[in-house]
Amino acid sequence: MMLPVLAVLAGLVLLMWSAERFVDGAAATSAHLGLSPLLIGMLVIGFGTSAPELVVSVIAAYQGNPGLALGNAYGSNIANIGLILGLVALISPLAVHSSMVRRELPILGGVTLLSALLLLGGVVSRLEGGLLLLILAAFMAFSIRQGAKTTSDALSTDTEESLAQHSMTLRAGLIWTALGLVLLVVSSRLLVWGAVSIAQSFGVSDLIIGLTVVAVGTSLPELASSISALRRREHDLVLGNVVGSNLFNTLGVVGLAALIAPIEVASEVLLRDWSLMMAMTLLMSVFALGWRGRAGRINRLEGGALMAMYLVYTGFMINLVVQGG
């Protein structure tokens with residue numbers, strides 16, 4: 001039992017370090033290749049912080065543990081909103097200025113609703129996985145087109161400041177991107193092996209382990225980048241990270257995992273995990289978009305509410321692990 005626990009801990013530490021190197025390298029490389037700061041913030045940084053979820057889920061599906069892949073994606077979405085966004089808003093209220101982020105929030109809500117339809121059948125098939133990937137490709141094309149039309153946006157300003165903090169040459173960017181990707185694969189294989197071994201030892205499903213230990217671990221890069229952005233008062237980059245990551249998890253991570261191996265879905269996933277993910281997504285959107293004439297802003301009370309939902313859910317899931325369910 002000790003070896004799997006050490007494998008999970010070592011995998012998480014290496015995963016977090018390699019993910020940061022990968023995102024920094026990819027962002028710097030994209031800047032040298034002429035991609036606009038707005039698109040780097042939306043696609044490279046927002047989606048890049050989901051690289052751990054993607055690699056872990058692909059490996060889990062390939063090794064015959066698709067439940068771990070689904071739990072990782074949905075659990076990470078819940079952690080991104082409750083743990084990361086909730087914690088950051090508790091530290092400092094977040095003002096939302098970016099029109100691009102505001103545009104992405106309803107899309108995230110629609111994509112989350114669509115995922116429920118796929119879960120109703122009891123299995124996410126390869127065809128449905130392919131559909132999710134097609135929607136992701138269409139969204140990326142839409143984002144690139146909108147980004148080309150938008151000359152000024154708060155997210156663009158935040159991204160420019162972030163790139164200045166992590167400036168590097170094109171050669172260094174390529175090296176860190178490649179090295180980060182290799183280490184992501186190595187650390188993910190270590191993490192999946194340890195997590196599956198722990199699940200078998202406790203007699204719980206790989207879905208539960210994916211929703212808890214693995215989900216929090218793969219969300220650590222988002223937490224690190226969000227706190228770093230908060231220190232520089234780049235509020236739109238914080239929310240952009242969460243929204244972009246959740247979009248990529250729901251479409252790309254689940255879609256690619258299902259394309260590799262169809263994912264069987266237990267009824268409690270829809271009733272428990274998806275329902276909470278949907279509720280938190282709606283609350284985040286209402287807070288960020290503003291209501292009753294109030295400007296978009298996630299204050300400490302709202303951040304605390306999101307954090308409380310996450311803590312209650314996590315406590316419930318830990319109880320399931322202890323009981324062996």
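Good morning. The structure holds one aromatic pair, a term for Phe, Tyr or Trp rings (for Trp, the six-membered ring) with centres within 6.5 Å. Tryptophan 17 and tryptophan 176 form this pair, with 5.9 Å from centre to centre and 75 degrees between the planes. That geometry is edge-to-face, the class for planes over 60 degrees apart. The partners lie in helix H1 and helix H8 (residues 170-202), so the pair ties together parts that are 159 residues apart in sequence. Helices here are DSSP runs of H or I with at least four residues, numbered from the N terminus.

This is a predicted model, in which local features need pLDDT of at least 70 and side-chain atom pairs pLDDT 80 or more, whereas totals for chains, interfaces and linings use all residues. Residues are numbered from 1 along each chain, and side-chain values use heavy atoms, without hydrogens and water.

Tryptophan 17 is partly exposed at 37% relative accessible area, and tryptophan 176 is partly exposed at 30%; buried means under 20% and exposed over 50%, with a 1.4 Å probe and protein chains only.

How values were computed
Rings of Phe, Tyr and Trp (its six-membered ring) pair if their centres lie within 6.5 Å; planes under 30 degrees apart count as stacked, over 60 as edge-to-face and the rest as tilted. Helices (H or I, at least four residues) and strands (E, at least two) are DSSP runs, numbered from the N terminus.
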